[in-house]
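Please read it alongside the coordinates.

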Amino acid sequence: MTPAIKSLTGRPAWKALEAHFDKVRDLNLRKLFADDRERGDRFRIEDVGLYLDYSKNRITSETVSLLLQLADECGLRAKIDAMFRGEKINITENRAVLHVALRAPKGTSIIVDGQDVVPEVHAVLDKMADFSERVRSGAWTGHTGKRIRNVINIGIGGSDLGPVMAYEALKHYSDRKMIFRFVSNVDGTDSAEAVQDLDPAETLFIVSSKTFTTLETMTNAHTARAWALQGLGGDPKAVAKHFVAVSTNAAKVSEFGIDTENMFGFWDWVGGRYSMDSAIGLSTMIAIGPDNFRAMLAGFHEVDEHFRTAPFERNLPVILGLLEVWYSDFFKAETVAVLPYEQYLKRFPAYLQQLTMESNGKHVTLEGLPTDYPTGPIYWGEPGTNGQHSFYQLIHQGTRLIPCDFIAFFKTLNPLGRHHDILIANVLAQSEALAFGKTAEEVKAEGTPDWLVPHRVFEGNRPSNTILAQELSPSTLGKLVALYEHSVFTQGAIWNIDSFDQWGVELGKVLAQRIIPELESKTEPDLKHDSSTNALIRRYRRLK
């Protein structure tokens with residue numbers, strides 16, 4: 001491995017990329033494609049059931065070569081190996097980072113603190129499968145003997161975004177005789193609407209909180225408990241038939257009234273935003289069944305192994321991650337649009353927001369030094385074709401450079417006449433239009449009046465990736481999530497940051513705990529905040 005250099009920007013490959021960028025920053029995709037008729041074939045990777053076309057990026061072969069050199073100088077291979085070995089690469093919390101262990105097949109071995117964690121993972125998966133089958137079959141009944149028809153997941157952050165996204169993405173495979181809902185926001189409206197039309201006797205709550213102390217989750221859990229008991233005659237024993245926990249705090253779980261036999265554990269080497277394939281995915285398994293859940297895990301594992309073993313020039317997550325570094329740090333692009341042309345993936349961009357921005361929204365290096373380069377672009381998006389009729393205007397003709405990831409599938413799960421052909425025609429047209437635009441000459445040739453020409457010009461040269469797969473199956477979903485997980489890892493490795501802590505979520509939570517009693521106090525509190533916060537607290541108290 002290249003010896004450590006204090007700053008990324010001091011590395012030889014970085015210096016070479018800066019010089020290279022000065023030469024290619026104004027290159028146009030029109031010219032790049034005109035000069036190289038094979039470009040669309042050369043800048044693509046097909047592996048593990050995924051097809052990545054990255055030819056419509058503002059890159060040359062030299063760009064890719066220098067980015068790969070940068071990856072080598074940053075020790076990316078060694079960092080990947082360290083993660084898979086179970087080393088404690090989350091240095092600020094002294095933890096291993098082993099979401100890859102959650103989908104490791106039986107018989108493999110991953111050691112953390114001298115212990116093989118893979119058998120533990122499969123013990124939890126088997127327990128989840130047994131419970132899921134009992135709920136799905138009706139063998140598990142509620143306090144009154146009725147079968148469970150409604151499942152409500154209560155969590156926040158990674159304990160919510162993953163399960164919500166997975167349920168929506170795999171709804172085609174779910175048991176349609178059951179209702180699944182998700183409560184995360186401490187806003188009481190979220191809880192109220194989730195149970196509005198449900199029978200407590202037929203409702204199961206999954207409370208997901210590692211510590212069983214998370215403010216939002218436990219506030220919502222106690223509200224759900226009160227609602228359930230009110231509808232079930234007030235017997236506290238009913239809680240054990242209508243609540244289960246995904247947690248590691250047996251004492252708190254038992255105190256709540258949940259039988260610890262129905263507590264599903266996970267480990268501190270699983271970050272919340274990487275946990276949808278752990279026990280946090282219990283609602284997903286109940287919805288789609290254990291076999292489909294295991295197929296999703298197999299998809300994750302396929303990409304894990306690809307990331308671990310494929311040469312970087314043919315490595316899907318590595319190439320995606322290096323392209324983000326190229327745009328963030330050299331073009332100074334501040335956002336990335338993720339645009340799935342699949343309605344089932346409507347929550348996928350929201351899921352990626354936490355995965356990417358909580359991971360790489362960091363301003364200091366592993367050594368605690370300020371970065372002198374941008375990190376962590378903003379991820380956002382919406383399914384196509386909806387987005388085409390709203391924010392695509394800015395991507396096409398606005399003043400900001402917004403790299404795009406298009407995601408689409410060769411087959412639809414709901415074949416309805418011409419729908420899918422029209423959908424795919426749109427995704428292909430959008431990437432083509434972004435890349436090549438429309439010149440003033442082309443606009444004039446259509447008979448457009450001179451005064452109108454500037455308004456109808458598309459500059460083009462807007463970069464995009466296109467990611468294709470056969471169809472949206474549980475396996476494919478696992479592959480897509482792992483693809484972005486490891487792209488995030490690649491970016492963090494290059495930026496020399498800790499992608500696995502999230503101290504940025506703490507400060508506001510701590511301050512909120514101080515403000516809550518000030519809002520609820522029966523007497524006027526002695527406020528010691530800034531003048532703005534003090535005034536807002538007083539106004540709220542007066543008007544609530």
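## Basis

Helices (H or I, at least four residues) and strands (E, at least two) are DSSP runs, numbered from the N terminus. The model is predicted: local features need pLDDT of at least 70, side-chain atom pairs count only at pLDDT 80 or more, and totals for chains, interfaces and linings use all residues. Residues are numbered from 1 along each chain as its sequence is written, and side-chain values use heavy atoms, with hydrogens and water left out.

## Pockets

On a 1 Å grid over the protein atoms alone, a pocket is an open set of points with protein on both sides within 12 Å along at least five of seven lines, and a cavity is a set where a 1.4 Å probe fits but cannot get out; lining residues have an atom within 4 Å of a point. Grid points are joined across faces, edges and corners, and a volume is the space filled by probe spheres set on the points.

The largest pocket holds about 1100 Å³. Its lining has 43 residues, with T214, Q502, V505, E506 and K509 nearest the centre. At least two lining residues come from each of α7 (158-169), α9 (215-231), α15 (348-360) and α21 (506-520); α21 gives the largest share, six residues. By class, the lining has 15 nonpolar, 18 polar and 10 charged residues (Ala, Val, Leu, Ile, Met, Phe, Trp, Tyr, Cys and Pro count as nonpolar, Asp, Glu, Lys and Arg as charged, and the others, Gly among them, as polar).

The second largest pocket has about 410 Å³ of space. Of its 17 lining residues, Q343, T412, H419, H420 and L423 lie nearest the centre.

Helices α4 (residues 61-73) and α14 (residues 316-329) pack with axes 10 Å apart, at an angle of about 100 degrees. They are therefore roughly perpendicular (angles of 65 to 115 degrees). Axes are lines fitted to C-alpha atoms, for helices over the stretch in contact, and angles run from 0 to 180 degrees between N-to-C directions. T63, V64, L67, L68 and A71 of α4 meet I319, L322 and W326 of α14, where contact means heavy atoms within 4.5 Å.

The second largest cavity, with a volume of about 40 Å³, is lined by Y54, V64, L67, I319, L322 and L323. Three of these residues, the largest share, come from α14. The lining has six nonpolar, no polar and no charged residues.

Methods: Parallel < 35°, antiparallel > 145°, perpendicular 65-115°, else oblique.
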